[in-house]
Amino acid sequence: MAELDAALFEFAPSAMLYFDADLCLQRINRQAQLWWQLSPAAGLNQPLSSLALTGIDEQRLREAISGLAGNGLATLENGERYLDIIYTPIPEQAGGHSVLVSATDVSEQYALERELKRRGDELQAVLDNLGEGVLLADTHGNQLYLNEAGRTMLGMVAGTELPNLESYKRPSVHDLSGNEMPINEYPISRALRGERFTDAELYFSGQDGIARRLSSSGSSLKDEEGRVRLGISVFHDVSKLHDLEMRLKESRDELLAVLDNMTDTVSLVEANGQIRYINPAARKLVALAPDQPLGSLSPADTATPNDSGNGFAAARELTHRALSGEIFTDAEITMRAADTTQHIFSVSGSSVRDDAGRVRLGITVGRDMTAQRNLEQELKNKNDELQAVLDYMPDSVVLFESDGRIRYRNRASQNFLGQRLSEDVNQIEDYGQRIDVRDGDGQPLSVADYPISHVLESAEAAEGEMTITFPDGTWKSLRQAAARVRDQAGNLRLVVSIVQDITNQVRLTNSLRESRDELQAVLDNMTEGVLLFEANGQVRYRNAAQLRLMGMTSASALAVPGQILNIRRADGSPVVPGEFPLERILKGEVFSTVEYLFTSLGGEQIVVACSGSSVLRSDGSIGLGIFVMHDISKLREAEQQVVTLLQEAEQERNRLDSVIEQMPEGVIIIAAPNDRLVRMNRVASEIYGLDADLLPRINPTNLTHYETFSPEGEALPPAARPLQRAMSGEVVKAAQLRVRRADQKEVDLLVSAAPIIEGSGENERISGAVSVFQDISELKELDRIKDEFISITSHELRTPLTSIKGYAEVMSRRLQRMDDNVRTTLQKPLNTIIERTERMTQLVNDLLDVSNIATGRLEVVGSSLDLSSIITKLVAEARLTSQRTFHLALSNGPVIVLGEERLIEQVLTNLIGNAVKYSPAEGIITIRLTKETRHAEVSVTDQGIGIGNEQQTHLFERFYRTKQAKDHASGLGLGLYIASSIVTAHGGRLWVESEGAGKGSTFIFTVPLAEQQS
């Protein structure tokens, strides 16, 4: 047997070397002698350090002597030979180990692997530089390869790992109809089923948020037995091509839409005489039905057989001219349409040629000029009418050429000058020779200063007043206005002069001036102060009483009244800009006996009653402001206090009305004893869909105009409605209800209501009630969508998390069978993966709990539980993982409650975990359990960061975290919300007690005893 072993060792195909515990070479076979070029006896009993054994690793030998097997790759013959070397420890009877080193030639295998890698690198380089995306996936849906073009088209963020096909379950892949595509219809899924296909199009939204239209081809790679081994999908982005096709179609549709809506007739005729297209205007002209095919017509067919001279022959001739290559415009023809009406058309024509220069298409466009010709005739008629109007105008109208010669004057112009004079005046210079013309001050006015002369010289328009004296001594006052008239090119055509006789107006002005002098005498003797001012604020007049009240010595001391009137309201408050009396007058207001506190320039303060109004011009603008002041200081001194109080009360009431009306919430106020509607603001009437005309007849507590339901859809009787409850003395806060209006629209409301109480003590009574509410329909819908999103997201996250954790645990178990160095290096990262996965799983479970709570799917399957034993178990577990000190104060004996053990443990775990998380290391956490008459009460007290009063009201809301909690530890703010919902579902309640920040907190919840549930 020993001889057989020696023969096997000597003639083994692998090189064999045997070392003792001192690393001395004891045996070497023929293959090893050949590879390392040693003689049979050379090197025996020699240490490794003195031997030229290239590739033998001394460190691996020493590890094998200590009992650790190993292997390695070595090269001989300058890298031409590759050896796979195995170091096997062999136990010795005297203790320790010797080592058997075996080396196998793997040169061909290694060369093949290198060649395979080279070709693989070349193939990957080709794929990476392809403009099309290439995706390879195995039969398990794992994506094995995706080139750079594919990553770009799928919108993948650089550096991200290839996802499993399951990750595309989110709505990111759609078919061309916009429907979400199931995974088994993905192109790569079809390829994995063995299908071969091309040009399968779909829409894909990648991680970059961009939706792309992709065209994909696919096939599969099969093994020798015909089974699908890999799926291959090649795809490219056709979004831009699709967009170009759509734009081309839109352009064609837009062109057809333009042609179809043109009032001009448009026809396109092919070279063979067949009509390709005529627009609706042309169809209507020839009585062609909209659905009649154009291929059945030619230009000769458009004429009616028995109607010669209808113009269609001329139209055909124009079509032939266009087909012959001629270009023409404004060819006018007369045609009688199918409805026998006569039309005048202006026709233009041209042709479209092909690349060889041959006429391919003839185009004719006809514009119906019938209306234009009618307008031209109508314009001539209008000109005749205008001539007649001008001849009978009371004002003088004269038209001048640009050189000053008179082209036209109407009858009124001749009447101004008289028949004989008008005959002698033929141009502008004749006026100065025949008539005495003076300006408003009586000074002679030269012809060059006439308004008409200024316009003839350079001005676009001018006007002015003048007085003319005739040879017989009579005179007239005239107002002349002149302006230039230009043609469409902007050239001067003529100048028009309109002269109005204002003699009577001047006489009236003179009379008015005399009356004004008389009025001033009266105003100067009034005891009231009177101030007259222009629209620009400039003072026109102030009487002596006004000067006295102002404390002024001269009427010209100050000119602008806005700088003079140092006034305040009667209650002493300042007058804000825009509310000064003179500003109110300039805005067109009229007011009477408005009282102000006025301080004169001398510092004297008096009470004045002010009145104001304005005088309007003929155009409706303000021409003059009138302001009257009357000193009522003595009259008002005794009444001042009462007036002030009344004004304050009125201001407060107005402010309250304004606030109520502008509130974004609906407000309803009713009064006892008949629930009379006192106030319903605009928002309230819009929410309830009530017409403003109905409001005076509405009883808000018993409306027949709408129905009221609970949030669950149960009808609410009148006594259960918030306003009726408030009338009975109850304060209702944030009640939710649903209203179905008369138009059947349903609105979700958040309502608060309270009674209005008057008097005190025995005289206290409810005089009414007020309700404030807001429409939360959109908020509830958003909340529902958010809950649905959380539920879907949480379910989708569970599967990959479970897979991650499972793979990590499998790897951890396999790691235990590897050497210490590998295990030490990888165990910690794997533990971190498992720990973080468990944490993410808990977060997902919290989100699912939130979704179940929000959608009403949280159900409690109750059974009898010993609450005392549950607390003892959870505290024991907490002591193992935390350095905190726990103090238990439990009721004697079992405390049996009815509930679901998993949910009760979840509540306790959250409260104990929060106490540990937010308490100092040396803090004491106290858990108490007491048994009350109807329920068990559990409290968890810590000595941690504490909670302020304002924050306590929001603490059990979803995603709410205090500022101190955010600074102290991470989290989503869901734990207390879930715990509160679970306790409520068990028929108990959860609350918090804390004296403030830094003073610790106590969380308390109750659970009904089991005997109370029977």
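Colleague: What links Arg190, Arg193 and Glu195?

Modeller: Arg190, Arg193 and Glu195 are joined in a network of salt bridges, a salt bridge being a side-chain nitrogen of Lys or Arg within 4 Å of a carboxyl oxygen of Asp or Glu. Keep in mind that this is a predicted model, where local features need pLDDT of at least 70 and side-chain atom pairs count only at pLDDT 80 or more, while totals for chains, interfaces and linings use all residues. Residues are numbered from 1 along each chain as its sequence is written, and side-chain values use heavy atoms, with hydrogens and water left out.

Colleague: How many salt bridges does the structure hold?

Modeller: There are 26 salt bridges.

Colleague: Happy with that! Why is the pairing of lysine 249 and aspartate 253 called a salt bridge?

Modeller: Their side chains meet at 2.9 Å, N to O, and the definition asks for within 4 Å, so the pair qualifies. Lysine 249 and aspartate 253 are four residues apart in helix H7 (residues 239–261), so about one helical turn separates them. Helices (H or I, at least four residues) and strands (E, at least two) are DSSP runs, numbered from the N terminus.

Colleague: What makes lysine 249 partly exposed?

Modeller: Lysine 249 has 47% relative accessibility. Buried means under 20% relative accessible area, exposed over 50%, and partly exposed in between (1.4 Å probe, protein chains only), so 47% falls in the middle class. Aspartate 253, at 37%, also counts as partly exposed.

Colleague: Which parts does the salt bridge between arginine 486 and glutamate 460 tie together?

Modeller: The closest N and O atoms of arginine 486 and glutamate 460 are 2.6 Å apart. Arginine 486 lies in strand S21 (residues 475–486) and glutamate 460 in the loop between helix H14 (451–457) and strand S20 (461–469), so the bridge ties together parts that are 26 residues apart in sequence.

Colleague: Now the core. Which residues touch the most other members of the largest nonpolar core?

Modeller: Leu867, Ile871, Phe886, Leu908, Leu911, Phe1003 and Phe1005 do, out of 40 residues. A nonpolar core is a set of buried Ala, Val, Leu, Ile, Met, Phe, Trp, Tyr and Cys residues joined through side-chain atoms within 4.5 Å. Helix H25 gives the largest share of this core, eight residues.
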